[in-house]
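Work through the exercises below with the model open. Each task is followed by a stepwise solution.

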Amino acid sequence: MKKTSLIFMFFATLTMSGFQGIMEVTYLDVPASEIGKFAQLHKTITDMSMGEERTLQDQWVYRHWYGSGHSIVIYDLYASPEDAVKDDAFAVLGKNYEALSDDKKKEMDAVFEEWWGYFDGHTDEMRSYNPERNHAGKENVDWDIPFVFVVGSYNSTGSWTEMGDAFMDWATRPAVANGLQLGGGYTGHYKGSGYEVQFYSGYKNIMEFAESVSNLPNENPEARKKFWSLVDGGHEDQIYVHVGHIVDGKFDLAGKD
C-alpha cells in the first residue's frame, strides 16, 4: 500500500467504548514558522463551525516534531463511516456566519481565506479504531498539555488484529501499567492511502518518552516475536506534539489558558 505518515491521537474517547469508530485524518504542510498562526485560525474556524447538526464526536490536532512527514495532522472522530460522510462542517459554518454582523463577517472572511489556504495540497484518509479493545491508558491524565505523541506505521504479512494485539501485549499494556507511557493503542486502515496498522503512544514530555523507549518491556517475549514475524517490509516512526482538541464544543489549545 502507498505509504503516508500518520499520527493518531489520544482520545477522550475512552468513555466512548464498545464500538468500532472511524477517524478522518487530514494532513497539512504548514510552514514551521506559521504553525502557531494556523492553530489560532483553526480554533476560530472550528468554534464557528460547531452546532447540533454536526455528527463529529471529537477532534485532535498535532504538529510535527521529529521524523519525516506532514507538519500538521487533524483527526476527526465519528461513530461510523456514515456519520463521517454525513458531517457537514461548512454548512454549519455558513449558518453561523449568516448570524454575524457585517463587520464580523468581514473579519471572518479574512480568517477563513487565510485558514483555508493552508489546505492547498492536503491529503486525507480514514482509519478505524476501537477504544475499548485496542487502547490502554492511565487514569486521571491531564490531556490539556503539549504532550508527546508517537506513531509507528506498519504493513502486515497476515492478520492486522493479531499484529496489533501482539504489540499491545508486548509493549503497550506493560509500558502503560508499569512505566511512563500515558496511553497507547492501534488503528487499522479503512479508506485512502496509508499503512495497514498504526501504533500510537503518548508521553508527558520528550524526556519521559526517551526514558520510556530506553527501557522497553521484556515481560512477553513471545508477543514481541509474534509482532515482528507479522511485519511486512520497513516501517515509519513519527513524533508529534499535541496542539489542541475539542472540549465542550470549543477548540481548546494545549496548555493552561
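**Exercise 1.** Does Thr-55 count as buried or exposed, and why?

*Solution.* Thr-55 counts as buried because its relative accessibility is 13%. The cut-offs are under 20% relative accessible area for buried, over 50% for exposed and partly exposed in between, with a 1.4 Å probe and protein chains only.

This is a predicted model, in which local features need pLDDT of at least 70, side-chain atom pairs count only at pLDDT 80 or more, and totals for chains, interfaces and linings use all residues. Residues are numbered from 1 along each chain as its sequence is written, and side-chain values use heavy atoms, without hydrogens and water.

**Exercise 2.** Describe the largest nonpolar core.

*Solution.* The term covers buried Ala, Val, Leu, Ile, Met, Phe, Trp, Tyr and Cys residues joined through side-chain atoms within 4.5 Å. Count first: this core has 28 residues. Leu-28, Val-30, Phe-38, Ile-72 and Ile-74 have the most contacts inside it. Then find the main contributor: α1 gives the most, with 6 residues. Now follow Phe-38. Setting aside neighbours within four places in sequence, Phe-38 contacts Leu-28, Val-30, Ile-72, Ile-74, Trp-115, Tyr-118 and Phe-119. Apart from this core lies another, of 16 residues, including Trp-60 and Leu-182.

Notes. Helix = DSSP H or I, 4+ residues; strand = E, 2+ residues; numbered from the N terminus. Contact = heavy atoms within 4.5 Å.
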